[in-house]
Amino acid sequence: MKAALFGLFLTATSWAAAAPATCTADVHATERTDDARDESVGKVFAVQIDTRESCAMVDVDFTATERLSDGEEIKVRRRGSRKVKPGTTYKVTYRVGPGSTLLDTEFKVARCVPCAE
Amino acid sequence: MKAMLLSLLIAGPAWAALPGPTDTHAMRAELQKQRQDIVAGVLDLTDDEALAFWPSYRDYRVEMARLGDRTVKLIDEFVASSDKLTDAQAGRMVDEHLAIQAERVAVRQRHVKVFRKILPATKLARFVQIENKLDATIDQELAMAIPLAMEPAGK
């Protein structure tokens, strides 16, 4: 029993040591003017990621709900990883084909890890 | 036998009725709307699989939707002229139908190569199966509504 408890303690400690420190970040997206081309329309977003860290690695999930020309409604999640500094804005473009309609979009922080010193 | 005949009789008027362009578009949209939900329910993807699979699935379905648009255009054209179809029109429509079928297979083959790198073999097989079942359902609905080609009156 003692050995089992010791083993459990060791496992827990090594797990805690291996887990990287996390941070918090907020994401704000603003729709910009479409980038229209012959074959598709680029939906452009200015995406600002706010964090109190001077440098952080942030994963942002972008979820788009799109209605295709045949009526199928597709929800797609794409993950982007960025090394961010406070007050930086990034450009994100999501291209939709002719006949498709973008119904909804969402940007969400999936992970924030401070940069290694 | 009696039941089969009865169902054929019930299906008869629907089969004989000419669908308008709006009917075809609405029918297709209604059948396609829940497609991703059905595929998602059958595949039961892990988070990593989902992140890789759905963007590729979307690219695949965009291409298939374009081919579906061509099919609907062909049906609209056929319905508008099915009782006065010229030989030239009929021949062109057959060629377009076969070209769409061939492209459907080509698009599916190209995208399955991508899906093979993302999904385990059994999930890929399940995906191909559910795609076939959904397409078969849509094709059946359309087949029930599309009349056979007629020779022009007086010919």
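**Entry 1: burial in chain B**

I began with how much of chain B is buried: of its 155 residues, 14% count as buried. A residue is buried if 20 or more other C-beta atoms lie within 10 Å of its own, exposed if 12 or fewer, and partly exposed in between, with C-beta atoms placed from the backbone.

I noted that this is a predicted model, in which local features need pLDDT of at least 70, side-chain atom pairs count only at pLDDT 80 or more, and totals for chains, interfaces and linings use all residues. Residues are numbered from 1 along each chain as its sequence is written, while chains are lettered from A and ligands numbered from 1 in the order in which they are written.

**Entry 2: the layout of chain B**

I looked up the elements of chain B and found six helices and zero strands. Helices (H or I, at least four residues) and strands (E, at least two) are DSSP runs, numbered from the N terminus. Along the sequence, the pattern reads α-α-α-α-α-α.

Next I checked contacts, where two residues qualify if their C-beta atoms, placed from the backbone, lie within 7 Å. Among contacts in chain B with a separation of 6 or more, 85% come from residues 24 or more positions apart.

**Entry 3: helix 3 against helix 6**

I followed helix 3 of chain B to helix 6 (residues 121-145) of chain B; their axes come within 10 Å and cross at roughly 145°. Axes here are lines fitted to C-alpha atoms, for helices over the stretch in contact, and angles run from 0 to 180 degrees between N-to-C directions.

The crossing of these two helices of chain B is right-handed. That word applies if the near helix is turned clockwise from the far one by less than a right angle, and left-handed if anticlockwise.

Which residues make the contact? Helix 3 of chain B brings Arg35(B), Ile38(B), Val39(B), Val42(B) and Leu43(B), and helix 6 of chain B brings Lys123(B), Arg126(B), Phe127(B), Ile130(B) and Leu134(B). I sorted them by class: seven nonpolar, no polar and three charged. In this scheme Ala, Val, Leu, Ile, Met, Phe, Trp, Tyr, Cys and Pro count as nonpolar, Asp, Glu, Lys and Arg as charged, and the others, Gly among them, as polar.

**Entry 4: two loop residues of chain B**

I found Asp44(B) in the loop between helix 3 and helix 4 of chain B. Asp44(B) has a positive phi of about 50° although it is not a glycine. Most residues other than glycine have a negative phi. Asp44(B) is exposed, because 10 other C-beta atoms lie within 10 Å.

Ser82(B) sits in the loop between helix 4 and helix 5 (87-118) of chain B. Ser82(B) has 18 C-beta neighbours inside 10 Å, so it counts as partly exposed. Leaving aside neighbours within four places in sequence, Ser82(B) is in contact with Pro147(B), Ala149(B) and Met150(B). I also looked up Ile146(B): 64 residues along the chain from Ser82(B), with 9.6 Å between the two C-alpha atoms.

**Entry 5: where chain B meets chain A**

I turned to the interface, where 16 residues of chain B are in contact with 15 residues of chain A. Helix 2 (21-33), helix 3 (35-43) and helix 4 (47-81) of chain B each give two or more residues to it. Which helix of chain B gives the most? Helix 4 of chain B does, with nine residues. By class, the side of chain B that touches chain A has six nonpolar, three polar and seven charged residues.

**Entry 6: confidence and the sheet in chain A**

I checked the pLDDT of chain A, which averages 84, with 82% of the residues scoring at least 70. The pLDDT is the predictor's confidence in each residue, from 0 to 100. Over residues 5-16 of chain A the pLDDT is below 50, and this stretch has zero contacts in the model beyond near neighbours in sequence. Where pLDDT is low, the predicted coordinates should not be read in detail.

Then I traced an open sheet of three strands in chain A, in the order 5-4-7, with antiparallel pairing. Strands pair if DSSP finds at least two bridges between them. Strand 5 (73-84) and strand 7 (101-114) of chain A stand at the edges with a single partner strand each, so one side of each is left without a neighbour in the sheet.

Strand 4 (residues 56-67) of chain A pairs with strand 5 of chain A over twelve bridges. I picked out Met57(A), opposite Lys83(A), and Phe62(A), whose bridge partner is Arg78(A). These two strands of chain A form a hairpin with five residues between them, and Gly71(A) in the turn has a positive phi of about 100°.
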